[in-house]
Amino acid sequence: MATRAWISYLAGALSLVAALAHFWAMPEHFEEWWGYGMFFLMTALAQGLYASVLLRWPGRTLLLLGIVGNLAIIALYIATRTVGVPFFGPHAGEIEGIGAVDLVATGAEVALVIALVALLRPVRLSKTPALVRESRLTEAGNGLSRRDFLRAAGVVGAVGVSGGALGLRAAGGVGALGAAGGALGVGASPAAGQESTGSGMKGMKHGGDLGQGGVGEVDISRFDPMKFLRNFYWGEERQENGRTVREYEMVAEEIEIEVAPGVFYPAWAYNGQVPGPTIRAREGDRMRVVFKNRGTHPHTIHFHGIHPAKMDGAFELVGPGQDFVYEFDAEPFGCHLYHCHVPPLRKHIEKGLYGAFIIDPKEARPPADEMVMVMNGFDTNFDAANEVYTVNGVAFYYQRNPIKLKKDELIRVYLINITEFDLINSMHVHANFFDYYPTGTSLKPAELTDTKMLAQGERGIMEFTYGRTGTFMFHAHVNEFAELGWLGHFQVEE
Ligand SMILES: [Cu+2]
């Protein structure tokens, strides 16, 4: 990111300015006492060294170190000019005068701290080593339980998105350093603070006691859950020998995704999104799926459906940089799914390689406002358990941004459970009942209910209508999942 690089160079330059100022003032301090001289020498060396290290390895630990270190120097400077030189040397207790050189050094240090805080704000959707390290940090944070994780994100997120990320670090074991940085991040990023306070209040209004994780907002510039909801990938349609052929392109890659405000996850994704695009076809269409593996591990696409053995995506592993074309007929009609089928399977699925696969019956279903809900979880601290649960990839997204429905309009939800680690997930809608079509393979509903429990890989179609306007909740009736992100709102309007 160009802005980040620019801020990094500025920070390096500021650290050098401060170093030179301390170097400049060093001889006169050696004349006073060797201890003062050594302090100036060490400070100058540290600031000079910091400039070059920062440009090479701009990790978050280094940023926090710079912030805390420079704040300490600034504090010491203020002390020597107000209450006197602390404790040491022949001039202990004396108040020093203010000069041009020390003002330059302090000014540079203040600006440096501001630049470092700006650099601490999370980078979105990039593969910077710093962020991967951040994710691993939470893994190392043995004091942090899966439940505490999102709660910490939510609570700290209430005072600022960047503060949230820093607060998590503090909880993850960085200790005093992280805590100091956390406090700073809150103060020094007013824009993020305001933004999250605004939507935080919105979250509170809708969420009540469940609102603790529902504050702040994620970056939706690359993946927008609201667009994903009603977005169907029909492929490129053409006629070949009198039949409809649909060609799809699917690319596996490694990306950083934001699964809750300030909570980033190193994902493996189809077409740069988790869940992958909702692939759709009509019963009997010929499907041609061009799969390109641009990740660093072998992957496949295993479609649920009926097809030849060689098109199953279970045995022919597609290596990094390789391509593979899956070709089969779309059958049977229903609400299906696709996912990577490379062992260890739960790893390849949990990392994000999955999506919805819908086959329409030849005679289409009745017109409806159609949407896809993929229930999933994210193991953000790599302990083989989920810390965050969502529909469509972002915790509490549809709580903060309710799904708008029209009163009396038929709603059709393609519901899929691809949650790993937990054996079941569920869907409950408030103040309503829905017709349920298991796996969507029949045009007759099997059940009228308001809560449906789904095992791993299970899916179905829900149809319902709201006869009243207002805000209605929907969420996992596995209440732990709801509290950790799997909760949303319908906003029914005239
Ligand atoms: Cu895979």
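Leaving aside neighbours within four places in sequence, Tyr-414 is in contact with Cys-335, Ala-356, Ile-358, Val-372 and Ile-461, where contact means that C-beta atoms, placed from the backbone, lie within 7 Å. This is a predicted model: local features need pLDDT of at least 70, side-chain atom pairs count only at pLDDT 80 or more, and totals for chains, interfaces and linings use all residues. Residues are numbered from 1 along each chain as its sequence is written.

**Nonpolar cores**
- The largest nonpolar core has 81 residues, of which Val-259, Tyr-414, Ile-416 and Trp-486 touch the most other members.
- A second, separate core of 21 residues includes Ala-44, Ala-51, Val-113 and Val-117.
- A nonpolar core is a set of buried Ala, Val, Leu, Ile, Met, Phe, Trp, Tyr and Cys residues joined through C-beta atoms within 7 Å.
- A residue is buried if 20 or more other C-beta atoms lie within 10 Å of its own, exposed if 12 or fewer, and partly exposed in between, with C-beta atoms placed from the backbone.

**Overall make-up**
- The protein has 13 helices and 21 strands, taken as DSSP runs numbered from the N terminus (helices H or I, at least four residues; strands E, at least two).
- Of its 494 residues, 46% count as buried.
- Among contacts between residues at least 6 apart in sequence, 72% join residues at least 24 apart.

**Helices α3 and α4**
- Helix α3 (residues 60–82) has 23 residues and reaches 33 Å from its first C-alpha to its last, close to the 33 Å expected at 1.5 Å a residue.
- Helix α4 (residues 100–120) has 21 residues and spans 30 Å between its first and last C-alpha, close to the 30 Å expected; the expected span is 1.5 Å times one less than the number of residues.
- The axes of α3 and α4 come within 9 Å and cross at roughly 150°; the two helices are therefore roughly antiparallel to each other, a term for angles over 145 degrees.
- Residues making this contact include Leu-63, Ile-67 and Ile-74 of α3 and Val-113, Leu-116 and Leu-120 of α4.
- Among the buried residues are Arg-60 and Asn-70 in α3, and Glu-109 and Val-117 in α4.
- After α3 comes Gly-84, whose phi is positive, near 115°.

**The loop at Pro-402**
- Pro-402 is found in the loop between α12 (397–400) and β13 (403–406).
- Pro-402 is partly exposed, with 19 other C-beta atoms within 10 Å.
- Leaving aside neighbours within four places in sequence, Pro-402 is in contact with Thr-471, His-489, Phe-490 and Gln-491.
- The C-alpha atoms of Pro-402 and Thr-471, 69 residues apart along the chain, are separated by 8.1 Å.

Technical notes
Two residues are in contact if their C-beta atoms, placed from the backbone, lie within 7 Å. Axes are lines fitted to C-alpha atoms, for helices over the stretch in contact, and angles run from 0 to 180 degrees between N-to-C directions. Angles under 35 degrees count as roughly parallel, over 145 as roughly antiparallel, 65 to 115 as roughly perpendicular and the rest as oblique.
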